[in-house]
Amino acid sequence: MALALAAFAAGACAPASAASPRQFGIRIHYSRFEPNRIEVPAGVPVTFTLVNDDPIEHEWLVGDAAFHARHRTGTEPVHGDRPDEVSLPPLATRTTTLSFATPGELTFICHFPGHEA
């Protein structure tokens, strides 16, 4: 399961509220991320609430192609306190907060065997 995350740049004339923290919910259900694409503002803290509705473990790893290439061959069964690497036990909820400094497209993926496909 893979999902795109696009960070976009806010315009110079954006209202002050554009700098306030954002919150997004992402559900894992039947080994799929829902929603499967979101856009977040660049440079603004974004809190993700990740809900694993499945009776199996998943992970939520967000990054660019090089980040995911490293994780596909990694050996960490559980991720620690890194906001862009979240382990989700069965039927669990986790939150993480990230800021994306520059506009661009990132992907979030579960790299457990068979899950990314």
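Trainee: Before the fold, what counts as a helix or a strand here?
Mentor: Helices (H or I, at least four residues) and strands (E, at least two) are runs from DSSP, numbered from the N terminus. This is a predicted model, where local features need pLDDT of at least 70, side-chain atom pairs count only at pLDDT 80 or more, and totals for chains, interfaces and linings use all residues. Residues are numbered from 1 along each chain as its sequence is written, and side-chain values use heavy atoms, with hydrogens and water left out.

Trainee: OK. In what order do the elements of the protein chain run?
Mentor: From the N terminus, β-β-β-β-β-β-α-β-β-β. That is one helix and nine strands.

Trainee: Which strands form the open sheet?
Mentor: Four of them, in the order β3-β2-β5-β8, with mixed pairing. Two strands pair if DSSP finds at least two bridges between them. The edge strands, β3 (32-34) and β8 (93-98), each pair on one side only. From one strand to the next, the twist averages 25°. For that, axes are lines fitted to C-alpha atoms, for helices over the stretch in contact, and angles run from 0 to 180 degrees between N-to-C directions.

Trainee: And β5 with β8, parallel or antiparallel?
Mentor: Antiparallel, joined by six bridges.

Trainee: Switching to the core. Which residues touch the most other members?
Mentor: Ile 26, Phe 48, Leu 50 and Trp 60, in a largest nonpolar core of 15 residues. Such a core is a set of buried Ala, Val, Leu, Ile, Met, Phe, Trp, Tyr and Cys residues joined through side-chain atoms within 4.5 Å. Buried means under 20% relative accessible area (1.4 Å probe, protein chains only).

Trainee: Which strand gives the largest share?
Mentor: β5, with three residues. At least two residues each come from β2 (22-29), β4 (37-41), β5 (46-52), β6 (58-63) and β7 (85-88).

Trainee: What is Ile 26 in contact with?
Mentor: Contact means heavy atoms within 4.5 Å. Beyond its neighbours within four places in sequence, Ile 26 has contacts that include Phe 33, Ile 38, Phe 48, Leu 50, Trp 60 and Phe 108.

Trainee: Now the helix. Where is His 68, and is it buried or exposed?
Mentor: His 68 is in helix α1 (residues 65-72). His 68 is buried, at 2% relative accessible area. Leaving out residues up to four places away in sequence, His 68 touches Leu 61, Val 62, Gly 63, Thr 107, Phe 108, Ile 109 and His 111.

Trainee: How many of the chain's 117 residues are buried, as a percentage?
Mentor: Buried residues make up 38%.

Conventions. Buried < 20%, exposed > 50% of the residue type's maximum accessible area, 1.4 Å probe, protein only.
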